[in-house]
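User: I'm new to this one and would like to go through it slowly. Could you show it to me before we start?

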Amino acid sequence: SEDVLSKDAGECAICLEELQQGDTIARLPCLCIYHKGQVFLGMHVKFQKVAFAGCIDEWFEVNRSCPEHPSD
């Protein structure tokens, strides 16, 4: 399911960025949570590029299981 994180929850196992209050997340049946949709990862000042990722969305493009519980 998809929801908004109500409090900080450590780091995303996919991108290793912090899961922060207000982030849109996907909560899997195993109760693991990951960033969902567009997440701001940073900006490279010299090249003026902004990096975004939808961690679990990109993961599920090539995988069908939880990154931390692949046998579930």
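Analyst: Leaving out neighbours within four places in sequence, Val4 is in contact (heavy atoms within 4.5 Å) with Gly22, Asp23 and Thr24. Please keep in mind that this is a predicted model, in which local features need pLDDT of at least 70 and side-chain atom pairs count only at pLDDT 80 or more, while totals for chains, interfaces and linings use all residues. Residues are numbered from 1 along each chain as its sequence is written, and side-chain values use heavy atoms, with hydrogens and water left out.

User: Where does Val4 sit, then?

Analyst: Val4 is placed in strand β1, where helices (H or I, at least four residues) and strands (E, at least two) are DSSP runs numbered from the N terminus. The C-alpha atoms of Val4 and Gly22 are 5.6 Å apart, although 18 residues separate the two along the chain.

User: Is Val4 buried or exposed?

Analyst: Val4 counts as exposed, at 53% relative accessibility; buried means under 20% relative accessible area, exposed over 50%, and partly exposed in between, with a 1.4 Å probe and protein chains only.

User: And what order do the elements run in?

Analyst: From the N terminus on, the order is β-β-β-β-β-α, that is, one helix and five strands in the protein chain. Of its 72 residues, 26% count as buried.

User: Changing topic, how many salt bridges are there?

Analyst: The structure holds two salt bridges, each being a side-chain nitrogen of Lys or Arg within 4 Å of a carboxyl oxygen of Asp or Glu. One of them joins the side chains of Asp3 and Arg27, at 3.5 Å from N to O. This pair links distant parts of the chain, with Asp3 in strand β1 (residues 2-4) and Arg27 in strand β2 (residues 24-27), 24 residues apart.

User: What about Lys36 and Asp57?

Analyst: The side chains of Lys36 and Asp57 also meet in a salt bridge, with 2.6 Å from N to O. Lys36 lies in the loop between β3 (33-35) and β4 (39-44) and Asp57 in helix α1 (residues 55-62), so the pair ties together parts that are 21 residues apart in sequence. Lys36 is partly exposed at 24% relative accessibility, and Asp57 is partly exposed too, with a relative accessible area of 27%.

User: Okay, cysteines now. How many disulfides does a search of the whole structure find?

Analyst: The search finds zero disulfides, a disulfide being a pair of cysteine sulfur atoms within 2.5 Å.

User: What does Leu28 touch?

Analyst: Not counting residues up to four places away in sequence, Leu28 touches Tyr34, Ile56, Phe60 and Cys66.
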